Amino acid sequence: MTRISRSGSADALPLALYVHTPWCVSKCPYCDFNSHAADQPPFERYVSHLLADLDREVGSAVARRALRSVYIGGGTPSLFPEPAIRRLLDGIRARADLASDVEITMEANPGKSEWRRLAAYREAGVNRLSIGAQSLSTVRLRALGRAHAADDVRRTVQEAREAGFTNVNLDMMYALPDQSLGEAERDLAALIDLGPEHISYYQLTLEPNTGWRVHPPHLPDSDLAADMAEQGLEQLGRAGYRQYEVSAYARDGLRCRHNLNYWEFGDYLGIGAGAHGKLTSEAGATGDRRRVRRTAKRHQPRAYLSASPDELTSSVRDLDEDDLVVEFALNAFRLTEGFDRGLFSLTTGMPWARISTELGRAELDGMVRVLPDRVEPTALGRRFVNELVGRFVAGG
């Protein structure tokens, strides 16, 4: 078993860990995540594979940094029994140094089985909970194919508080089938009343390879969806939540550290079925430009579980300069406050001149502000973020 040494690397980039759990009670018709309905998942066996996976990951010299955050996502991690989550977190602590203020997030669905487990998850080391509410209208929840009701969300938040959680995120979608502007306002108001520290408020979209892409429901048109987004931004602002990313709102000091690491193009290890990772080599290790390597694990849970530790990785790819520019833009321009100018060179190893021309054109078109120390998307750039990012695609 390899152990990460906090002093083993001079690399300044932060490091996070993502843990994927692939099972759910049922598959929602809008969901395009790597999740699979299962009656009796092999929890203990899966945890053993996760820890073997992590052993391989921390063997890399560039991975020897303290973890700033751990995120257990899915799927539905809260399906896992308490001893399995404790064993997982104990195994992570045995293999990696964790920052003294490490953020450990676990996703949970609202439900009676989760209520009973929350205190044990907190005791095992989870200190941030992300609850998939999606709506507080039982009618809308039924239309979304969710297994819980509105009262289950309220009870789960109450149980989380009693278990000692002081950092809770609630997910909610808008532009639901046949949803009106007034309904969206009332739905979000009910969520705000629950007092979470963080809210993820995002538009329902029909993704490829989902049930609703094949048989789509009637959704609000683009103008109505835009009105819902603007209305939500104003509601959340009045309630003390500050937007810091396209769909992320937080009270002061409670932004999601793990997701910020993605958007600031930091490094992360990925373990579990279908998990992705990104690691940056030491500056100068491969010439003038840093090497940024992306990895992916075997996607299907059965294939992941049947593989030996040496066979868990399904793909490895080194990003070229064009890839780096696009991926940096794809992440950094999601941040409503933009990014420090030094972040581009720090994370890619390339000079500022590599993107200065594109940024200058975007500024002339009113999509960004290029300041002496940072770049900020304007309201126009935030509204048309995909178009803004597209400007940094080679030949685009």
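Ring pairs join F265, F328, F333, F339, F344, W352 and F392 into a cluster. The model is predicted, and a search of the whole structure gives 16 aromatic pairs. One of these is F328 with F339, an edge-to-face pair with 5.0 Å from centre to centre and 90° between the planes. F328 belongs to helix α11 and F339 to strand β15 (residues 339-340), so this pair ties together parts that are eleven residues apart in sequence.

- Helix α11 covers residues 321-332, and its end C-alpha atoms are 16 Å apart.
- The buried residues of α11 are L324, V325, E327, F328, A329, N331 and A332.
- As background to that list, an α-helix has 3.6 residues a turn, so residues three or four places apart point the same way.
- At the start of α11, the backbone nitrogen of D322 has a side-chain oxygen of D320 within 3.1 Å.

**Sheet β15-β17-β16**

- Three strands make up an open sheet, ordered β15-β17-β16, with antiparallel pairing.
- β15 and β16 (368-370) are the edge strands, each with a single partner, so one side of each has no neighbour in the sheet.
- Between β16 and β17 (residues 374-377) the antiparallel pairing runs over three bridges.
- Within this part of the sheet, V368 is opposite P377 of β17.

**R374 in strand β17**

- R374 is a residue of strand β17. Its relative accessible area is 18%, which is under the 20% limit, so R374 counts as buried.
- The side chain of R374 has a polar contact with the side chain of D340 at 2.6 Å.
- A polar contact also links the side chains of R374 and E376, at 3.5 Å.
- Leaving out residues up to four places away in sequence, R374 touches E337, G338, F339, D340, R341 and R369. This list includes F339, the β15 residue that pairs with F328 of α11.

- In β13 (residues 292-297), five of the six residues are buried, and the strand is mostly covered.
- β13 pairs with β12 (residues 276-280) in the antiparallel sense, over five bridges. Here G277 is opposite T295 of β13.
- β13 also pairs with β14 (residues 313-318), again antiparallel and over five bridges. Here A296 is opposite S315 of β14.
- In general, the strands of a sheet pair through backbone hydrogen bonds, either parallel or antiparallel.

**Backbone geometry**

- Most residues other than glycine have a negative phi, and most peptide bonds are trans. The entries below depart from one or other of these patterns.
- The peptide bond from G74 to G75 is cis, and its omega is near 20°. G75 is in the loop between β4 (67-74) and α2 (82-95).
- Q134 is not a glycine, yet its phi is positive, near 70°. Q134 lies in strand β6 (residues 128-134). With 6% relative accessibility, Q134 counts as buried.
- A175, also not a glycine, has a positive phi of about 60°. A175 is part of the loop between β7 (168-174) and α6 (181-192). With 2% relative accessibility, A175 counts as buried.

**Arginines over aromatic rings**

- R155 lies over the face of W115, 4.3 Å from the ring centre.
- R122 lies over the face of F165, 5.8 Å from the ring centre.

Technical notes
Residues are numbered from 1 along each chain as its sequence is written. This is a predicted model: local features need pLDDT of at least 70, side-chain atom pairs count only at pLDDT 80 or more; totals for chains, interfaces and linings use all residues. Side-chain values use heavy atoms; hydrogens and water are left out. Helices (H or I, at least four residues) and strands (E, at least two) are DSSP runs, numbered from the N terminus. The expected span of a helix is 1.5 Å times one less than its number of residues. Buried means under 20% relative accessible area, exposed over 50%, partly exposed in between (1.4 Å probe, protein chains only). A polar contact is a pair of N or O atoms within 3.5 Å; within protein, one must be able to donate a hydrogen and the other to accept it, and residues adjacent in sequence count only if both atoms are side-chain atoms. Rings of Phe, Tyr and Trp (its six-membered ring) pair if their centres lie within 6.5 Å; planes under 30 degrees apart count as stacked, over 60 as edge-to-face and the rest as tilted. A charge sits over a ring if NZ of Lys or CZ of Arg is within 6 Å of the ring centre and within 35 degrees of the ring normal. Two strands pair if DSSP finds at least two bridges between them. Contact means heavy atoms within 4.5 Å.
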